[in-house]
Amino acid sequence: MSLRTQLFFLQLFIVLIVVLVAGSVAIRLQEQQIRDAYQARMVGVAQSVAELPAIVDAFDDSDPSATIQPIAELISEAANVTYVVVTDDTGVRYSHPNPAMIGRVTSTDPSIALSGATYVGTQTGTLGETWRVKLPIYDESGVIIGMASVGILEQTLRADLYKVLPELVIWLVGAALVGTAGATMISRMVWRRIHRLEPEEIASLLETREAMLHGIGEGLVAVDAAGSVALVNDEARRLLGADDDSVGRPATDVVGAELARMLAESGESDETVLVGERVLLARSNDAAVDGRLVGRVLILRDRTELHQLLQDLDGARDVTQALRAQAHEFANKMHVISGLIELGRTEQVVDFITRAGHGGSVLSRALSPGITDPDVASLLMAKSTIAAEKGINLVIDENSTLAPDGTTDPVTVLGNLIDNAMEAIGADGTIHVRLSEDRTGATIVVSDDGPGIKEKDRVRIFEAGQSTRDASRPGARGFGLALVQRVAVRRTGFVTSKPSQHGGATFTVLLAAVPSSPNPIGTAS
């Protein structure tokens, strides 16, 4: 049986139960109202008979029934009751609908009324089963001299009830039909709301959805039409650093302003964004159900490691090119020396070797002995070689000091700042690097003699995606300084930019001694 059919029959069963219970209660209340109405009438008639002077005075006559019987018949007919019976204090009848019963003792017990109490109930007498009231009759001195009994046949009560049942049944049947129609509409609505799927199909889809969401390598964030987060998978939580209670919160609070902008615009192309210290490739797509837009889906791919590998590859390529150039230069020198020897010009050979110098090492001079961090030392050696190949003079302060701190944050900061400086100044420029540390943390200062930074750009350059360089050139993607600032903030430090005494720009970065949550990701252009 389909879910739609099950829902229909379940609701129909509930409707019928409610209608039957309500009908039973209504019939019972109607019957009680009829009885209460007849009881009030019978009590009034019995009191009138018991207090009627003509009847009380007739008890002293030699033949009380001659006076009482006509009065009882008249009252019975006028009050529309089945009978009015009057008896003496022994239960002998003075009136009865059947005259043959006059003078006989009543067939039911008169003791309750003759004891001074009022009796109301159903009893079976000579006329059949009746609903009756019995009251005592008092004389002028207050002595009980008889009893007045007024009754209605039970079949009369039932007949009155049967008269109102058709209308009540019509209302009950109408309620049942309305309930059935409602059950049909609700079952159909529920069936359509669940996209005409059966419970087994829904369970299977849920299992597949959970397996897919938690198993895929991409981050997935779904936002409803109101801009609230409807779904976040495990990878998205990791990439965004989101909490487990992200669902239901505004998208801006969970994904940040840049990704929230992408969700609002729903572009058709991938964009590279910087979230925290992670480089993510993001794409926003519309989510539609039956052709109706219900929200948007944000797909996130982690490109941090790829970004680091590309930077490492660029560094290795630059070193390789520098070594190739130096090898070519060394080969040329060897050719000159070989030619001079063949010509027998020994003095010129010695002079040429003296003028050529050593020139074949990767780094022509040693780094500052205070730089004991091997990662930073290796980075500075590689950058020196690359700078020399580009005709840039990279000057490292000989008094610089930097010890290992267990993270690669200094490498990230130095690599980005030096790369930006080399890109800005071009050939024949000079870059100055100074490193120092104390109890508060490490300070990194990189300055150059390039064109500098305009005053209006000093704040903007630290925003992700903002760059003062030519965007068409490789690597000009505007993430380097943004990454430097985020590393500094995470290390509870700061980064500043000001004009350099050499004519260009000076960047000063403070990294606190104790990092809050190390997250090294390499360098960025």
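In strand 9, Leu220 has Ile299 as its bridge partner. That contact belongs to a predicted model, where local features need pLDDT of at least 70, side-chain atom pairs count only at pLDDT 80 or more, and totals for chains, interfaces and linings use all residues. Residues are numbered from 1 along each chain as its sequence is written, and side-chain values use heavy atoms, with hydrogens and water left out.

**The sheet**

- Strand 5 (residues 219-224) and strand 9 (residues 292-302) run antiparallel to each other over six bridges; strands pair if DSSP finds at least two bridges between them, and a strand is a DSSP run of E with at least two residues, numbered from the N terminus, while a helix is a run of H or I with at least four.
- Both belong to an open, antiparallel sheet of five strands, ordered 6-5-9-8-7.
- Strand 6 (229-232) and strand 7 (271-275) are the edges, each with a single partner strand, so one side of each has no neighbour in the sheet.

**Aromatic pairs**

- There are two of these in the structure, counted when ring centres of Phe, Tyr or Trp (its six-membered ring) lie within 6.5 Å, with planes under 30 degrees apart called stacked, over 60 edge-to-face and the rest tilted.
- Phe8 and Phe9 sit edge-to-face, 5.4 Å centre to centre with 65 degrees between the planes.
- Phe59 and Tyr94 are edge-to-face too, at 5.2 Å and 65 degrees.
- Phe59 is in the loop between helix 2 (53-58) and helix 3 (64-79), and Tyr94 in the loop between strand 1 (83-88) and helix 4 (111-114), 35 residues apart.
- Phe59 and Tyr94 are both buried (under 20% relative accessible area; exposed is over 50%, partly exposed in between, with a 1.4 Å probe and protein chains only).

**Charges around Arg35**

- Arg35 puts its charged end over the ring of Trp131, 4.8 Å from the ring centre; the cut-offs are NZ of Lys or CZ of Arg within 6 Å of the centre and within 35 degrees of the ring normal.
- Arg35 also forms a salt bridge with Glu154, closest N and O atoms 2.5 Å apart (a Lys or Arg side-chain nitrogen within 4 Å of an Asp or Glu carboxyl oxygen).
- Glu154 is in helix 5 (residues 154-193) and Arg35 in helix 1 (residues 3-51), so the pair ties together parts 119 residues apart in sequence.

**A salt-bridge network**

- Asp405 and Arg491 meet in a salt bridge at 3.1 Å, N to O.
- Asp409 and Arg490 do likewise at 2.9 Å.
- Asp409 lies in helix 12 and Arg490 in helix 13, 81 residues apart.
- Shared partners join Asp405, Asp409, Arg490 and Arg491 into one network.
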